[in-house]
Amino acid sequence: MSLNVKKSFDREKDMWTVELIGEVDIYTPNDLKETLISLLQEKESNIRLNCIELDYIDSTGLGVLIGILKRLKNVDKNIIIANPKSNISKLLKITGLDKIFIME
Amino acid sequence: MTGKCENKGEGLNNENVCISLPSKPEYVSIARITSSVVANKIGFNIEEIEDIKAAVGEACNNAVIHGCGEDSNFNVEFAIYENKVIIEVRDNGNGFTLERCPVPDICNPKEGGLGIFIIKSLMDAVEVKSSPGNGTIIEMIKYVSEDD
């Protein structure tokens, strides 16, 4: 199991677009964290996570997203979670995180 | 191998699946995959299989984080019944003082501490036995929904 991250900057919308492909679990959250932090070091903009090919995320992965969100909130930016699969939507709903991220 | 499989002597359970895995993050996915195969065999629907997989993943994360360190193993046991699965995740670590499992505070979200809350939300019955020095056992039960 692995995680593949594709990132790009959308100049028109002034936001990072990050495609998460595979699984985010206890083995991969540091990769995700480092990737997202490196984006913010380059430019602190909204991050849109396209989750259409994300099969699984656990609490360690959600923890990374919460950490990044806190940093973004300091500069009045947000994380957008787009196209989550039903199992991931459910996890965001039961943890209440669907209320703090922007869901698309 | 420290894993020990015991028939729980209840109802129609006569098959148990036990795995013992090194307390390292890269092995947690093996437990998750095993859980989905076992759940599928019992006849859970796709949503229930995803619930079981996520709960097992969180319990194993807990065993890796609070376990004895990377030189030890943790054990996952699936007791297979006609209409339910009982899953036990056991580590021999230092245990932790089990506090009440708070509902996540959305106004002040934290990076950690969601695991046990997620398990309790997704499974039908959950018991966590942990105390300093005695390791941790997380026992979870999920019933097959009746409308399947």
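1. Some ground rules. Residues are numbered from 1 along each chain as its sequence is written, while chains are lettered from A and ligands numbered from 1 in the order in which they are written. As this is a predicted model, local features need pLDDT of at least 70 and side-chain atom pairs count only at pLDDT 80 or more, whereas totals for chains, interfaces and linings use all residues.

2. Start with chain B, which has three helices and five strands (DSSP runs numbered from the N terminus: H or I of at least four residues for helices, E of at least two for strands). Reading from the N terminus, the order is β-α-α-β-β-α-β-β.

3. Of the 148 residues in chain B, 36% are buried (20 or more other C-beta atoms within 10 Å of a residue's own, with C-beta atoms placed from the backbone). Among contacts in chain B with a separation of 6 or more, 66% join residues 24 or more positions apart (a contact means C-beta atoms, placed from the backbone, within 7 Å).

4. Now look at where the chains meet: chain B puts in 20 residues and chain A 18. On the chain B side, helix 1 (28–42), helix 2 (46–66) and helix 3 (115–122) each give two or more residues, and helix 2 of chain B has the largest share, with six. By class, the chain B side has nine nonpolar, six polar and five charged residues (Ala, Val, Leu, Ile, Met, Phe, Trp, Tyr, Cys and Pro are nonpolar; Asp, Glu, Lys and Arg are charged; the others, Gly among them, are polar).

5. The largest nonpolar core has 59 residues, and those with the most contacts inside it include A:Ile79, B:Ala55, B:Val56 and B:Ile119 (such a core is a set of buried Ala, Val, Leu, Ile, Met, Phe, Trp, Tyr and Cys residues joined through C-beta atoms within 7 Å). Helix 2 of chain B turns up again here, giving the largest share of this core, nine residues.

6. A:Ile79 is worth a click. Leaving aside neighbours within four places in sequence, its contacts include A:Ile47, A:Leu65, A:Ile68 and A:Phe101.

7. Finally, in chain A, helix 1 (residues 29–42) packs on helix 2 (residues 59–74) at about 15 degrees, with axes 9 Å apart (axes are lines fitted to C-alpha atoms over the stretch in contact, and angles run from 0 to 180 degrees between N-to-C directions). The two helices of chain A are therefore roughly parallel (angles under 35 degrees). Residues that meet there include A:Leu36 in helix 1 and A:Val64 in helix 2, and by class this contact has six nonpolar, two polar and two charged residues.

How values were computed:
Parallel < 35°, antiparallel > 145°, perpendicular 65-115°, else oblique. Contact = placed C-beta atoms within 7 Å. Buried ≥ 20, exposed ≤ 12 C-beta atoms within 10 Å, placed from the backbone.
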